[in-house]
Amino acid sequence: MEYTIIHNEEEQHFELAENPNAYVEYIYEEEKIIFTSTEVPKELEGKGIGSSLVKFALDYARENNWEYIPECPFFKAYIERHPEYKP
């Protein structure tokens, strides 16, 4: 399933448009983005939302030529499964 994800710069989140309680949190510092956590409410787990959020965030970082640092364990696991995203 495809989800609509938006960049909420004010909150420093990439979030699910239909439910902003599903999001990726980050810290941005001078052309570098640090992904700190991925949150998906229990009722939405198992639907690929977390992976969609992570993919969107990583693609966004790449499109902007930002270095990215995956501190979040979910990001690290996603990158292990998708080595094309290794920093």
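Predicted model: local features only at pLDDT ≥ 70, side-chain atom pairs only at ≥ 80, totals over all residues.
Reader: Why are helices α1 and α2 called roughly perpendicular to each other?

Author: The two helices pack at an angle of about 80 degrees, with their axes 10 Å apart. Angles of 65 to 115 degrees count as roughly perpendicular, and α1 and α2 are therefore described in that way.

Reader: Which residues make the contact between α1 and α2?

Author: From α1 come Gly50, Ser51, Val54, Lys55, Ala57 and Leu58, and from α2 come Phe74, Phe75, Tyr78, Ile79 and Arg81. These residues divide into seven nonpolar, two polar and two charged.

Reader: What places the buried residues of α2 on the same side of the helix?

Author: The buried residues of α2 are Phe75, Tyr78 and Ile79. They cover an arc of only 95 degrees around the axis, which puts them on the same side of α2. On the other side, Pro73 and Glu80 are exposed, a word that requires over 50% relative accessible area. The buried residues pack against β3, β4, α1 and β5.

Reader: How do you know that β2 pairs with β1 and with β3?

Author: Pairing requires at least two bridges between the strands. Four bridges join β1 to β2, and these strands run antiparallel; β2 and β3 likewise pair in the antiparallel sense over four bridges. Glu15 of β2 stands opposite Ile6, and in β3 the bridge partner of Glu15 is Tyr23.

Reader: How many residues lie between β1 and β2 in their hairpin, and through how many does a hairpin join β2 to β3?

Author: Four residues lie between β1 and β2, and Gln12 in that turn has a positive phi of about 55 degrees. The hairpin from β2 to β3 passes through two residues.

Definitions and conventions:
Residues numbered from 1 in each chain as written. Heavy atoms only, no water. Buried < 20%, exposed > 50% of the residue type's maximum accessible area, 1.4 Å probe, protein only. Arc of directions from axis to C-beta. Contact = heavy atoms within 4.5 Å. Axes fitted to C-alpha atoms, helices over the stretch in contact; angles between N-to-C directions. Parallel < 35°, antiparallel > 145°, perpendicular 65-115°, else oblique. Nonpolar A, V, L, I, M, F, W, Y, C, P; charged D, E, K, R; others polar.
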